[in-house]
Amino acid sequence: MPGGSAAARSRGGGYPVSSVSKGIKKVEVGLKWDPSPAGTPPNDLDIIAATYAADAPYGSPVYLVHFDSRSPDGTITLNRDSRTGQGFGFDEVMTLELDRLAGSFVRVVVGVAIQQQEGQRVFGEIANTAVRIREGYTELAQLDLSEVSGYPASTVAEFTRDESGAWSFRQDVRGFDTDPTTFASIMGSER
């Protein structure tokens, strides 16, 4: 499904930062899914994070973090990368140290894309897909991507920095009908 139209569904909502709080500091995004049935190609899902600068918060990402990469300053790291969904619990895990990001960054968008070698799949074709977002032991969100079941890519979270420097979280589920490369370039676009 190359090229593509973005988002048909969106769900906002999140955890506002109170005036006493210093905001979100370090977040872990976990992704899991069931392995494909025997005799069929493996399903490879990837977490992708895109960073945006203050002068273009909805423009092109300054940089992307995905499989086999990390941020230049080491603040966003893909700790585990699964290519099959085999394992226990969350097989793919990304850590975002928002409190260590340079002050020039005001927005980070996190998404999930299906990276298939043979043909394109959509989330509805992959069993037991789940995303968990947490700060320490506090769960910020857990979702199953069922509302974007007809899409091969989706955003799941948006982190924004306010004028005081505090980061806040908003769950942002938007399906994208496009390939992973195009998705990575447009996932932070305005609706």
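Visitor: Hi! How many aromatic pairs does a search of the whole structure find?
Guide: The search turns up three aromatic pairs. Rings of Phe, Tyr and Trp (its six-membered ring) pair if their centres lie within 6.5 Å; planes under 30 degrees apart count as stacked, over 60 as edge-to-face and the rest as tilted. This is a predicted model, where local features need pLDDT of at least 70, side-chain atom pairs count only at pLDDT 80 or more, and totals for chains, interfaces and linings use all residues. Residues are numbered from 1 along each chain as its sequence is written, and side-chain values use heavy atoms, with hydrogens and water left out.

Visitor: Why is the pair of F159 and F169 tilted?
Guide: Their ring planes stand at 45°, with the centres 5.4 Å apart, so the pair is tilted. The pair links distant parts of the chain, with F159 in strand β11 (residues 153–161) and F169 in strand β12 (residues 167–176), 10 residues apart. Strands (E, at least two residues) and helices (H or I, at least four) are DSSP runs, numbered from the N terminus.

Visitor: And are F159 and F169 buried or exposed?
Guide: Both F159 and F169 are buried. Buried means under 20% relative accessible area, exposed over 50%, partly exposed in between (1.4 Å probe, protein chains only).

Visitor: What sort of aromatic pair do F176 and F183 form?
Guide: That one is edge-to-face, at 5.2 Å centre to centre and 65° between the planes. F176 counts as buried because its relative accessibility is 0%, and F183 is buried at 0% too.

Visitor: New topic: which residue lies over the face of Y52?
Guide: R107 does, at 5.1 Å from the ring centre. A charge sits over a ring if NZ of Lys or CZ of Arg is within 6 Å of the ring centre and within 35 degrees of the ring normal.

Visitor: Where is L64?
Guide: L64 sits in strand β5 (residues 63–65). L64 is partly exposed, because its relative accessible area is 30%. Y52 is 12 residues from L64 in sequence and 9.6 Å away in space, C-alpha to C-alpha.

Visitor: What does L64 touch?
Guide: Leaving out residues up to four places away in sequence, L64 touches I48, A49, A50, S69 and A184. Contact means heavy atoms within 4.5 Å.

Visitor: Zooming out, how many strands does the protein have?
Guide: There are 12 strands, plus one helix. From the N terminus on, the order is β-β-β-β-β-β-β-β-β-β-β-β-α.

Visitor: And how much of the protein counts as buried?
Guide: Of its 191 residues, 47% count as buried.
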